[in-house]
Every structure is written in structure tokens, then in C-alpha cells.
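This report covers the salt bridges of one protein model. The sequence and structure are shown first.

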Amino acid sequence: MAEAATRGYVGQSILRREDEYLLRGQGRFVDDLPEPRDTLFLGFVMSPHAHARILTIDTAEARAVPGVVDVLTGEDLAKLTRPVVTEVEFPGYIKHGRAVLARGKVRFVGEHVAVVLAEDPYVVQDAVELVRIDYDPMPAAAELETAHLPGAPQVHDDIPNNTIFAGAFKTPDFDSHWAAGELTLRERFRSGRVAGVPIEPRGCLALPDHVGDALVFHSSTQVPHLLRTALAMHIVGASESKIRVVVPEVGGGFGTKAQIYTEEIVAAALALARRRPVKWIQDRREELLTSIHARDHLYDVEARYTRDGVVTALRLELFTNAGAYSSLPFGCTLEPSGGARMIVGPYRIRHYAYKNYSIATHTCPSGAYRGVAQPTCFMAIEGMMDRIARQLELDPAEVRRRNMIQPDEMPWVNAVGVRYDTGSYMESLEKALEAIGYDAFRKSQPADRLIDGKFRGVGIACFTEVSGTGAPGWRARGLTRMPGFDSALIKVEPTGKVTAYISHANGGQGHYTTFAQLVADSTGAAMSDVTIVEGDTAATPYGTNTFASRSAVTGGGAVIRAGRKVRDKMRRIAAEMLEVSAQDVVIENGAAHVAGVPDMKLSLTDIAETAYSMNNRALPRGEEYGLEACDFYDPPLVTMANAVHVCTVAVDPEDARVSIEGYVVVHDCGRIINPVIVDGQVQGGTAQGIGEALMEELVYDAQGQLLNANLLDYLLPTAEDVPDYRIHHIESPTIDAEGGFKGVGEGGVIGAVPAVVNAVADALAGLDVNVNRIPLRPSYLYGLMRAGRG
């Protein structure tokens, strides 16, 4: 074929199309959408108790407030909705349901007990305070370490020992390989509970049509198609074909908005029942109390290793906190299965066994937040590498070299059966060490780590990043209702302009730019002629949507395949019009020409007019009218990106405050679509990882009360906490997935957590303290330093 070898749009740092209107304040988020005059506003009455029986609910005083239309309880909503049940087909999982409003019992602080409908949002807030509920408080199981022990309060009567899920795995002949090991290292790693904290909390606007049986549902969601299906499944009498979900601008998602929430089901159900628009906007306290939480993991890790520092066998027991209910659609198995399956990372660990558990507690349900369990599992395995190095008096970088998968061993299939088709593990490590000046830093570092009055250390994190998971990957984790595929419909309009309808939802990642680059290259159109449409279930074909570092892999793959079909048809039409063979037609930059004869050319408009019978030229024999193609792309099990983070820190001995002084990232996401957007993803994710490592934690007391449901006490990193990153890229395109792309959205947070933890542990190594939990608050580190030697 005579396709032109000229440089395309992919690989160029093209400025984001979105920035101009967003920076001008012209973006329209859910709360900016016009409200019809008869809109009703929702407000939820939240439980103040973590565990209590609901004895009575008195709504009379709230109903009497002028402007209040209705106050409904769980009994009322049970007539309009079905219980939310997460389907997970995994051995060891206990299925359970949840009413959209609590009935009979509450199981976490913030669980919704009643809902107020009013004609004014301020009236709603007043009326919410007037709903009188009599509770019978009960003991709570709020701590992961104790909730599964005999005698702990039960979250659900039919889930013994609060163990929603228990799994196990062992490679063949593991026990004999374990017994043959020379040395043993055991360690416990503990992560705090965190939240995604998007700048825009959740919200929705439900608009029934004039008949009342169809619904346009605007939501700040990451998963419009999954949400539409869920609404149809959980609202009595609803038809999926009569529900349209539209995603406006989204002020951050990070996985928090990839869940299906009960508030959305309630708003849609009431809009259909009342035949009036219904709006609900979450405030920050509600967001911290009721949007999914994440992490809160406990890793007990054992490694057998040689005197050369090579790990010969690994054993893990992992406990994760599911909260009070299994969230929809990912369930409570996502984190325990993720942490257990991903911990082997880029290392040549062939013999591996794990037990993993998801424990119910009287806390907010957990779900998929950026990175899922990867930040914590790599904190564990990278912490083990550092500890092996200290035990053997080896350099931590050298221990990693001795355990890492080598280039000539690729493709590699890891201990749990996941294939790594390409990767740059050694190259990334060496490049990161060189960029940070690792050898020079080590040579200048004294044994007590004190330099200029502060403890200074360096930390390394080598990791793989699971991305672009297809249907086989979700089935391997028990999620049979997670489709895995994504889709693209590409149309060349009669004017020659191109519109691509993609099953993803833009949440700030730059989709309107990166997808336009892909569409332009795959069709041969000029990028300025490409329009991207997504986040509208009435316009776009069905897909799994936007989370888990999948947009470039799944959406990009669908775009390339659909674009190829359109391009091939345009070549056939152009060949007929130019009276040449289709193999000799080149399409690029919005025009078709004959290879080697650039003056023999047609515009895409010329071709499109023929395709739509808008001139006197006939189509080639056998061609149909129109110029469009659709593709549904399901990638392999996973597409594996990789990276190395190395950072240097200083710990103040006076107050134990941590300062990050240097930070290098070497990232390999395969073929890069837009380098400047990739850099932004890495920078933002790394900032979140720094926050998770140093300061972020949702704190529950023993009674299940969340003590810091506000941004004064739940600390987030600021510009003062985030260093100037130096980011380098390596491209090792995947050979298993279309386009060569790998994911990038989660790599920043995955690498930052273990890199910062290991750097702080290295800085305090002279004190002989054990840094094995996050966040590394000054109070925690100061206590370690006082207890340590020196």
C-alpha cells in the first residue's frame, strides 16, 4: 500500500482545545445547567450514627415548611426502586443488597434515611433539619484490624465475621519453593483511608419529557452508559431505551464518579414519578461522608530470598476495608484482587501465594479511586526491596536490578498469569537513577543521614501500571457485568467535516484534543475539521466508559479501527473518481491524491459529496451510500505500562516535617498521543500520591464517627508541598493492543506513594526506625524519631 509516511498528529504536543473556553469560565457543569421553572430540589437526611436501628421517622414538621412538596422514607422509595445489588461472580464473595434509602437499620454515618423534595434548594436544607428520627444506637465495627474478629458487631446479619470476600491463590509447588528459601523477611504495611476529593462534588439534574415516561439525566459521572443501564435496572417501570444520560463538564472524577450512587437512582425515580425536573447538588461535607472512600489496606508480606538479594518466593495476606456495602459497579473485590494480583510488578517473582479479604465495617463504602490498590501494593513490595537491601547491606537500586525482568525475557507472563508484552523496566530504572544523580547522592550521604541539619534520603519506586482492561480482565476479577469494550462511530459529513462519537466521557483528561488527533490520523482528515462527541448515551455507541487508565487504549483502539474503515471506503471512492487503483490513493491532511502524483487530488468534501449522492458522480459498484463506520473494541486482558519514580527528601529533626527536594519520573505509556497532556496526567497523579503519602487520611473513631469531614481537617497537598518534577518518557508500544498505547492516568499516584515512603524511610535509616504506614504525618514521624536510636 502506498500510504504516506509523513508525520501525523499523534505524538505532537498540541494545546488542549478545552482550555480556551474553560479558562474563560465558559464551561458548563451540572450546577450551571438551566433549571426549568418547575424544578424540584432534593436534600437527603443523613444518619448521625454508624450503626443503629431506625425506630420512628417523623416528617410532619418538615412537611409543614412552605415550599416543601414531600418528604419520603425508605419505605416510600421501596415502591419506586429496587435494591442495589452488586453482581460479583467470584468464589468467596457473599452477595448482599442495599436499599436506596435505609430501611430498618443504618450502617454508616451519612447513610441516607429520608429525602426532602422542595421548590427551593434553601428550603430543602431547612426542612432536612426538621425531620425527626428516633434511633436505637448499636455498637459499631469501624476498624479493619478488628472488624473480622469473633465477637465484633455484625454489619450484615448474613455475612459471618463481616468477611464479604475471601480469596486465595498459590502457584504450583509453592510450598516446596518456599521451604527451599535461604532467608526470610516479614513486614506489615498499613495505608490510611483516603477520598478522591474532586474539586466539583457530585450532582445531577433529571428532566422528564412532556409525556413523563422518558428521561434526560444530566450527571457528573464518568460512566454514562453504565449509569443508564443501572437506572433502568433499579427504577421500577423504567425503560433503558427511554433514558438518556448526558455528561456536562466534569470537575474531576478520579474514579470517585465512576460509581453508581443511590442519590442518582432516587433523583431519577422521583423525576419520573412526579413528572417534574429534579435537581440534586452535593456539598463538600456530604461528598466526604458519602462518596466512595478508598485504600485502608493492611498487607502482611513475607519474602524468601537468597544471600544475593534475589526473591525466590513471596507470600501475602491482604485485608481491605469494604465499608458498609459493596459499591456499584465494581464491588468490594476490586481492591483485594487488585492488590494481590499486581504486587509482583516488574519483578521476576515466579513463586507466589496470597490470601485476600474484603471486610465490611460501619464506614462509608469503598470503591475505585485512582490507582485502586496499586499505590499500596507497590508501597509493600518496594518497601520489601529496600528492607532486603538493608538486611544484606546492598544498595536498594542493586537489589531491584537483580530481581527485575530483563529485556531479553519479554514478553513475560507473571505469577498470576498476566502477560507483559513490552516494557522498559531496566531502562526506566537506569534513566531515573541517572536523572536524579543517584550515585552522587549516595556517595555524599553519611550513615546518620544528617546533612545540613536535616535527615536526607532517597526513595525508588519501580512499578507496572495495569491499564486498558478488557472483558477478560474484568472476568478474571469476577465482574461479569463490566463490559470491557469501548466503541467509536466516525462520520464524514457531506461537507467533508468529520464527527467522532466515542463511548467515553471527558473529565478533564483532554479527550477533545487527543481523540481528535487520533481521528485525524486514522481517517486522513485535518484535525481542525474533526469534532469529538462523547458523554451522551443518545449519540454515542455503548461502551464501558472512562476509568482505570483506559481511554487511550480502549477508546483509541476503537477510533483507529473505525477510522480505518472510513478511510478505506474514501480511498475506494476516490479511486473511482480519479480512475486509479485504491491501493494508489493516499489520504492525508484533508485530501486524497495519487501516490507520486500530488496534483491528482480530491478534497474530502469531493469524496463526501459522492458518498452522499450530492453530485453527478456514481459510487463504485457495490458501495453503499454514506460515509461512516462503527467499531467496538475489546482489548486484551490488560495493557501494562510501567514507570520509575525517584525522589529525594529532607526530614526536619525538630518537627518531623517532610520536604521533597528532588523528583524524577521516567514513564513508559507506550506510544504517546500528546506529550504535554501526558505530562499533565503524570504531574496531577503524582501530586495526589504525595498527598496520600504525607497527609491525607479520613479518620474514623471507634464508634464509626468520621472526625474530619471537611477540608480544614482533611489535608490536601498545596503548591508548597509539590516539587518541580522532571519527567522523561520512554516509548515501548504494546504489541497486543491496537495503536500501541498504554495507560497513563494512574501512574503518577501509583509511583509517588512508595517513592516518598521509601525516601523518608531512607532519611531516617540512621535512627533504626521502621516506616511502614501512611500517611507520614509529622506527629507519626516525630514519635518514631523519638523512639529510635540517636
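How many salt bridges does the structure hold? The structure, a predicted model, holds 46 salt bridges.

## Glu692 and Arg295

Glu692 and Arg295 form a salt bridge, with 2.8 Å between the closest N and O atoms. The two residues come from distant parts of the chain, 397 residues apart: Arg295 belongs to strand β16 (residues 293-295), and Glu692 belongs to helix α19 (residues 675-694). Both Glu692 and Arg295 are buried.

## Arg348 and Glu409

A salt bridge joins the side chains of Arg348 and Glu409, at 3.0 Å from N to O. This pair also links distant parts of the chain, 61 residues apart. Arg348 sits in the loop between α10 (334-342) and β19 (352-360), and Glu409 in the loop between α12 (396-403) and β20 (412-413).

Are these two side chains buried or exposed? Arg348 has a relative accessible area of 18%, so Arg348 counts as buried, the limit being under 20%. Glu409 has 23% relative accessibility and therefore counts as partly exposed.

## Arg419 and Asp736

In the salt bridge between Arg419 and Asp736, the closest N and O atoms are 2.6 Å apart. Arg419 is in strand β21 (residues 419-420), while Asp736 is in the loop between β33 (725-729) and α20 (747-763), so the bridge ties together parts 317 residues apart in sequence. Arg419 is partly exposed at 34% relative accessibility, and Asp736 is partly exposed with a relative accessible area of 30%.

## A network

Which residues are linked in a network of salt bridges? They are Glu145, Arg190, Arg193 and Asp296.

Definitions and conventions:
Residues numbered from 1 in each chain as written. Predicted model: local features only at pLDDT ≥ 70, side-chain atom pairs only at ≥ 80, totals over all residues. Heavy atoms only, no water. Salt bridge = Lys/Arg side-chain N within 4 Å of Asp/Glu carboxyl O. Helix = DSSP H or I, 4+ residues; strand = E, 2+ residues; numbered from the N terminus. Buried < 20%, exposed > 50% of the residue type's maximum accessible area, 1.4 Å probe, protein only.
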